[in-house]
Amino acid sequence: GRVSPEAAGFRLREYRAEFDFVAALQALANAPDVGQVLANAEPQFFHYKLLKDALARYRKVAQQPQRGQLPGVQRPLKAGSSYAGSPVLRKFLSATGDLPPGSDVSSEDLEFDAPLSGAVRTFQLRHGLEQNGQINKATLAAMNAPPAQLLRKIELTLERWRWLTPFK
């Protein structure tokens, strides 16, 4: 980890051995595969890797040209409705991995169709929102959040997971 949990106000119950910098440098210097040594130093939790993958995806989203805010909705938007933000939404959900590969993200069609609704449902699941596949105010707020805000949350969560003692 980069930050001591105690410095952040967390009192962890288990004793953690101090990080041995000398041993780590020796392992790196003698390693035929430096990447593997570094990967082994990270937490081995399955969800840690998933979150690292999400961090990489959202870094790409943050580097994309401004996509603008998705237009608001007066009432929840259901599949089959027309939505002016559908083309931008397709590109966004494709970049975040919520829209399945092979979907036509270049479509300028304004229909909020079933595949788009399914991708919204996946987005809602990942963000702890009601999973109804509809665009409502809460879903729209999560989608319109600045990528830098979500990147920071992901980075903080990864840091907290580094504080955990590996499961045995």
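**Helix H7 and its surroundings**

The buried residues of H7 pack against helix H3 (46-63), where contact means heavy atoms within 4.5 Å. This is a predicted model, in which local features need pLDDT of at least 70, side-chain atom pairs count only at pLDDT 80 or more, and totals for chains, interfaces and linings use all residues. Residues are numbered from 1 along each chain as its sequence is written, and side-chain values use heavy atoms, leaving out hydrogens and water.

Q: Which residues of H7 are buried?
A: They are Leu150, Leu151, Ile154, Leu158, Glu159, Arg162 and Trp163. Buried means under 20% relative accessible area, exposed over 50%, and partly exposed in between (1.4 Å probe, protein chains only).

Q: What is the reach of helix H7 from its first C-alpha to its last?
A: Helix H7 (residues 147-163) has 17 residues and reaches 25 Å, close to the 24 Å expected at 1.5 Å a residue. The expected span is 1.5 Å times one less than the number of residues.

Q: Why does Asn144 count as buried?
A: Because its relative accessibility is 14%, and the cut-off for buried is under 20%. Asn144 is found in helix H6 (residues 137-144).

Q: What lies 2.8 Å from a polar atom of the side chain of Asn144?
A: That is the backbone nitrogen of Leu70.

Q: How many helices and strands does the protein chain have?
A: Seven helices and two strands, taken as DSSP runs (helices H or I, at least four residues; strands E, at least two) numbered from the N terminus. Along the sequence the pattern is α-α-α-β-α-β-α-α-α.

Key:
A polar contact is a pair of N or O atoms within 3.5 Å; within protein, one must be able to donate a hydrogen and the other to accept it, and residues adjacent in sequence count only if both atoms are side-chain atoms.
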